[in-house]
Amino acid sequence: MWLKPEEVLLKNALKLWVTDRSNDFFLLQRRRGRGEPSSRITGLLVGALDTVLDSNARVTPFRILLQVPGSQISWVIASGAVIEEVNKHWDWLVHNLLHSLSVFENKDDAASFVRGKVKGLIAEEVRGRQAAQEEDPEKFREALRKFELHFGLPSSEKLVTYYSCCCWKGRVPRQGFLYLSINHMAFYSFLLGKEVKFVIPWAEVTGLERVSTALMTEAIRISTRQRQREFSMFLNLDEAFGVICQLADIALRRLLDSEGLELDRVLQQPARITKRVLEEQALRDYVLALFRLPRTEKLYEVASCAVWTPHARCHTAGTLYTTDNYLCFSSRDEGSCSLLVPLSEVLSIEKAESTSLLPNPVIVSIRTKKAFQLIELQDRDELVESTNCRLRAAQWKRSMFRRKSDTKRSVSSPAPYYTFYYDTGYSDEEEMEEQVLRNTINSEALMTAFSQNQPGTDGNKQKMELEKQQLWEDHFSEFGRGVHMFRTEKIQRLVAMGIPESLRGELWMTLSDASSELESHEGYYTSLVQKSMGHSSLATEEIERDLHRSLPDHPAFQNPTGIAALRRVLTAYAHRNPKIGYCQSMNILASVLLLYAKEEEAFWLLVAVCERMLPDYFNRRVIGAQVDQSVFEELIKERLSELAEQVPDLSTLSSVSLSWFLTLFLSVLPFSSAVCVVDCFFFQGIKAIFQLGLAVLEANAAQLSASTDDGQALMILTSFLDQVGSEELPSVPSPPPAAEERRCSDADAPAVGHINITHLINESYQKFGDLTVRQIERLRRLHRVQVLQAHEDTIRENTLRLVSADVSISPEDLSDIYDLFKTEHFVSLYWGDSSSAAAAETAAWKFSDSSRSFVERQYRVDRPQLKSLYGLLAPWPAGSSQHSDTLANRTFTLLDQDRHNLVTFKEFASWLDTLYCEDLNEKIRLLYRLHIPPALTESEDDASLKSPLLSTTRPLYVNLPSDGEAEVKDYQEQLKQMLQDLAKEKDVEKPLPLMNQREFIQFCKTLYGMFHGDPEENELFQAIATVTSLVLQIGEVGHRGQAPASEDQEEAGAPEQAADGRSGGSPAGEDEWTVSYAQILASLLTEQALVNFFEKPLDLSAKISQAKEQQYQQRAGLLTLQRGAR
């Protein structure tokens, strides 16, 4: 099989390999001991060595090497277990590549060409194996059957893929299968009669990493909050680790922050996720990041080809990617040559005649009367046809949009489109002028009217500007101008020098392709400004507060014109994207954009930065920036290992660098230098910020290693960055007052000489330029898991701290209850009915008060979820499943105080605290409230509510002695005294409504059900029968209007008749049979068995442990039954 090229020394170590066939570029070798007489001692030694090695370290006996004539280094490009397989690869190389390599003058270029070709063959083989696997799903179907059998999860838990591997327990490996589904990873092993199986939800994964130990050559470590597990001996570890990272990342983004992070529409529908979808999505994410395309772009074709590059006078091999609105080309070496062609610029895509020198050519003609030639396109006909379909659709859409725009413009006022006025109602002329200024869109960049030149630098600066401008003009003539110009290493050097001010706005628009957005949305910004200005919101208030903090030293923002332009851009964007709205640091970025670009262009540049180039940076928790901080820490460990060893805690450097990423160094570098960094950012994206950050730390590595505290490290970096200047400004600009005070106050800070920003940028390219977009995206996926879980831990700690102050539950139990509550929320998102779980999730975000914190808005449960938790944690049985369901319904209605059909964790914890930790009075009070409105409703379908079990026309006595009448009088006297004592002991916060007979019957039913299975069951039944008889007598006395009963109720503080005609809100007449909470409580206190039952300590910890074991199985079974009933 073909292998990813790996370097080896040509000299055979220990003479382990023998060459059988060779030519100028390739060697076919076999392992010594293969095909030789067994008596050879060397062959026996090598065979023994191969036998004792484990399966991961064994070497295939045949291989093919790529060699460069005259060099001692070769590359393994193919291997095989049998000679026939390797001979097949050898023949392909000889017939397809060998004759082509003679045209290369540089033999290293020939070797690079072969390595690229082999990588292409590997990619084709991978796609072929995937297709074969999906076309023959019998094996996968068998794995799915075992997955459902072993773990008992619902059928809606979609299995994505599975791998054979070992799970390590200490030093003991367990061979089995790792199953990866949309919400979980599960492992099953059955060896020597011992079964091992476990399930890990992706929502519990806190870390993913590849590790190597003495026992495991390479393994995947999965970390959760409870433990770590290692898996090894994968047939394809790279593939397995990639799929695991993707599934964990998707699940956490979908479950933990579905509103805050951008997630592709396909991935928001778990049922549609397959292994092929994950691979396509990973490739799409890479292409979007590489070319910084809009997140809405869909990737269609991926084809290897070669593009004619006039500046190199040859065809450059690479890959063509086609999306909805773009043709994208990238050379095999990422960054050496790339091309971005918007379909809006394309006139035609045509096939040309194929020749031996130009196989399968395609000509792409653009509006600037230029054309691009692509050759060696596989499946050329299908690619051209599908691309032409999208081209025609884009052209039709563009023509329709222009027709509508022309119609609107023809009926509009003759005033310019960028000027409009509001009827403000002010009579004062100055007020009117200010209002007009606030709403007049600037048609020029602010730098044309406001410049910031230091004395004595005008001549040098103009000379430098003219020189750089001429270099760019020469570059345009050779490489093209506009979005579709070739982007090579030469433009990288020009950008590092700093883009001339006269071209800066144009090139920012070109390099970011904001120009295409502007062209396709003509008049959009004007309408946004018109809609947004005058509206007040939290975002506009924050914008107004920060307007005068944006580059306060620049003349443009000491003037109402600049302030008004910044207000319009920020307000329009907040109106366009309310999910982001306005975040701090956007004002600094927008102000710099306004200096060099027209106002409307600055708006589209801001859109490009916030929505494409820095995804997830500008949301309520700046997740994207924190993810990149975590990636930056990882890069420090990899690229600056000595510094990482000297500074074990890299969090300080990471926190210092947060502003570097959020403001693109604008807040820490002198302005002229910082703008050069922005130039690099628009050319290379976030990669430029990573590279420059590493270069800054490397330049200060010695001083940072010797620093003794965080403050000193901060001053070292601040002092260094303050001294970074540009070519045209050799003298360092005067720092802001705050920076001057910092420098003066830090006498220990070392003196730093002038550093040129161009040299610093070039140094970052040279030392860290091998950092690729693919590596950054892979690291982002890994570290996003850690960042999201860190936020989750913070939310958990804050929630538990707030709730623990109001309950008596131990911190350990409260933490476990939170886990159960959160798991129930997730379980419903995994497998629940979309009509309930999704509605609850939506309601939690959309119908909550916006002033509430994220902690209060995140985890809530709906009615079915609370029913499940009730069944798991309720301390007493309910007698029957039907009545238990009824009580759970009433509990939800009682706890849902806001009537949003959602219960918060705080309300749920308070309910459990009453049941397990409060005294008898509070427990009875809770039971009482469950049996009166609003918890008890008329719509409950219970026959006992319609036909009372007990009569009210006569008193009921249970096991009373023969002198019953005297005994009843004694009970009434005793009850009267107890009610008086209760009134003296405590003041009732708010009198509870009276309970009618219908409600009291339900109350008795609940009490009877609670005693089932109790060791004192008989005594409790006898006691409750006695209490029931007593309460019925009390209610009967009150119903007949007898004076003693009336006095009892008055002394008990019975509530006044409510406005609706019922005492305490009960839907009945004034003369209905009723009892009060105090009367029921006093009656229950007369029976010691009942008092003992309610005051008996309950083991909440044991109940929680039992609930953890049952939660998944209970919900899975319940959901399966619900689906079967439909």
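Because the model is predicted, local features are reported only at pLDDT of at least 70 and side-chain atom pairs only at pLDDT 80 or more, whereas totals for chains, interfaces and linings use all residues. Residues are numbered from 1 along each chain as its sequence is written, and side-chain values rest on heavy atoms, with hydrogens and water left out.

Eight strands form an open sheet with antiparallel pairing, in the order E17-E18-E19-E13-E14-E15-E16-E20; strands (E, at least two residues) and helices (H or I, at least four residues) are DSSP runs numbered from the N terminus, and two strands are taken to pair if DSSP finds at least two bridges between them. Strand E17 (346-351) and strand E20 (487-488) stand at the edges, and each has a single partner strand, so one side of each is left without a neighbour in the sheet. Strand E13 (residues 299-309) runs antiparallel to strand E14 (residues 314-323), to which nine bridges join it, and in this pairing serine 304 is placed opposite threonine 319 of E14. The two strands E13 and E14 form a hairpin with four residues between them, and arginine 313, which lies in the turn, has a positive phi of about 55°. E13 also pairs with E19 in the antiparallel sense, over two bridges, with valine 307 standing opposite leucine 374 in E19.

The pairing of E18 with strand E19 (residues 371-375) is likewise antiparallel and extends over four bridges. Serine 365 belongs to strand E18 (residues 362-366) and stands opposite alanine 371 in E19. With a relative accessible area of 18%, serine 365 is buried, where buried means under 20% relative accessible area, exposed means over 50% and partly exposed lies in between (1.4 Å probe, protein chains only). When its neighbours within four places in sequence are left aside, serine 365 is in contact (heavy atoms within 4.5 Å) with Glu345, Val346, Leu347, Ser348, Lys370 and Ala371.

A nonpolar core is a set of buried Ala, Val, Leu, Ile, Met, Phe, Trp, Tyr and Cys residues joined through side-chain atoms within 4.5 Å. The largest such core holds 239 residues, of which Phe231, Trp508, Met586, Leu606, Trp660, Leu697 and Phe908 touch the most other members. Helix H5 (residues 237-255) contributes the largest share of this core, with 12 residues. Apart from this core lies another, of 23 residues, which includes Val307, Leu320, Leu391 and Phe486. Leucine 697, leaving aside its neighbours within four places in sequence, is in contact with Phe632, Ile636, Leu640, Leu643, Leu653, Trp660, Leu704 and Leu717.

A search of the whole structure for disulfides (pairs of cysteine sulfur atoms within 2.5 Å) finds zero. The cysteine sulfur closest to that of cysteine 680 belongs to cysteine 676 and is 7.2 Å away, which is too far for a bond. Cysteine 680 counts as buried at 4% relative accessibility, and cysteine 328 counts as buried at 0%.

Salt bridges, in which a side-chain nitrogen of Lys or Arg is within 4 Å of a carboxyl oxygen of Asp or Glu, number 38 in the whole structure. One of them joins the side chains of aspartate 20 and arginine 30 (3.1 Å, N to O), linking strand E2 (residues 17-22), which holds aspartate 20, to strand E3 (residues 26-31), which holds arginine 30, across 10 residues. Aspartate 20 is partly exposed at 38% relative accessibility, whereas arginine 30 is buried at 16%. Within helix H5, aspartate 249 and arginine 253 lie four residues apart, about one turn of the helix, and form a salt bridge whose closest N and O atoms are 3.2 Å apart; aspartate 249 is buried at 4% relative accessibility, and arginine 253 is buried at 9%.

A further salt bridge is formed by lysine 490 and glutamate 478, with the closest N and O atoms 3.4 Å apart. Since lysine 490 lies in helix H10 and glutamate 478 in helix H9 (residues 458-479), the pair ties together parts that are 12 residues apart in sequence. Lysine 490 is partly exposed, with a relative accessible area of 32%, and glutamate 478 is also partly exposed, at 37%. In helix H10 (residues 489-496), Ile491, Gln492, Leu494, Val495 and Ala496 are buried, and the helix is followed by glycine 498, which has a positive phi near 100°. Finally, Glu204, Arg225, Glu792, Asp793 and Lys822 are linked in a network of salt bridges.
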